[in-house]
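Please load the model in a viewer and keep a selection panel at hand.

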Amino acid sequence: MPSTVDTSRSAELLLGHENQPEGSFLQRLSAEDWQVLLQAGLRGSTFVRDALLPLGPDGPDVYIIWEGVVRQDRFPLGDGENVPTVTRFRGRGQLVGEAKLITPDSAVLTKCLTPTVAVPCPARNLNVLLRRRHTIQGALLCSLEDRNRSDELLYTMATRPPVERVGRLLAHLADTAGVPDPRTGSTVITGPGQKDIAASLQVAISTVENAIRTLRYQGVIDARYRQFVVHDVDALRHFAAGI
């Protein structure tokens, strides 16, 4: 369950939003537009690991991820045992639940893979702002297009070798959700596990395990429980490029 409004986190929102991942909604917003959103009363809320964001059909809000990683699952063929799912990871700076801006009763299963700070925005109010300020609308549309292009590269290249696909996804997570370790110079990705990666790439867990084993053997990463330590991001991008 989420906490009540976390006022200590809310203070961080005032400090700026520029250090968000490239192409994300927050990174694309101007400082002026960010202040307009804050003046609408936005506050950060903290969700514990494994909590679900309230993005069910009755939820009135969309959410901006300020800190953490979430896993989103959609069920295009209906839900049930052994029914295929579409799994995606979303991290800092991203707006999630955007379908509610068009269809208020839309839903997407959104699970926090880490302790997560998310900023709820009433979809109705955000729609009013989008109509009034085309710069905010443009930032959102561009961020969604960036995300679509990124998703195509990360999740749909089924004909590419598994080590390349896993390496590309881990490199993306390092860029968008990784935390530098100043002691070692490594980048730590916390949250997604091998089962999550297998679901997102629609491959067997053993396939992911073999790709991780190859990357570990090359000294590029270490794998722990729900955590990856990337020792060499450039080398990981080398694998991701299929070179």
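Predicted model: local features only at pLDDT ≥ 70, side-chain atom pairs only at ≥ 80, totals over all residues.

Residues are numbered from 1 along each chain as its sequence is written, and side-chain values use heavy atoms, with hydrogens and water left out.

**The largest core**

Select V166, L169, L170, I197, I221 and L236: of the 27 residues in the largest nonpolar core, these touch the most other members. Such a core is a set of buried Ala, Val, Leu, Ile, Met, Phe, Trp, Tyr and Cys residues joined through side-chain atoms within 4.5 Å, where buried means under 20% relative accessible area (1.4 Å probe, protein chains only). Next, colour the elements that each supply at least two residues, including helix 5 (134–155), helix 6 (162–177) and strand 12 (227–230); helices (H or I, at least four residues) and strands (E, at least two) are DSSP runs numbered from the N terminus. Helix 6 gives the most, with seven residues.

Apart from this core lies another, of 24 residues; F25, L37, C121 and L126 are among them.

Now display the open sheet of three strands, which has the order 5-4-7 and antiparallel pairing. Two strands pair if DSSP finds at least two bridges between them. Strand 5 (86–90) and strand 7 (109–112) are the edges, each pairing on one side only. Four bridges join strand 4 (residues 70–74) to strand 7, and Q72 stands opposite T110 in strand 7.

Conventions
Buried < 20%, exposed > 50% of the residue type's maximum accessible area, 1.4 Å probe, protein only.
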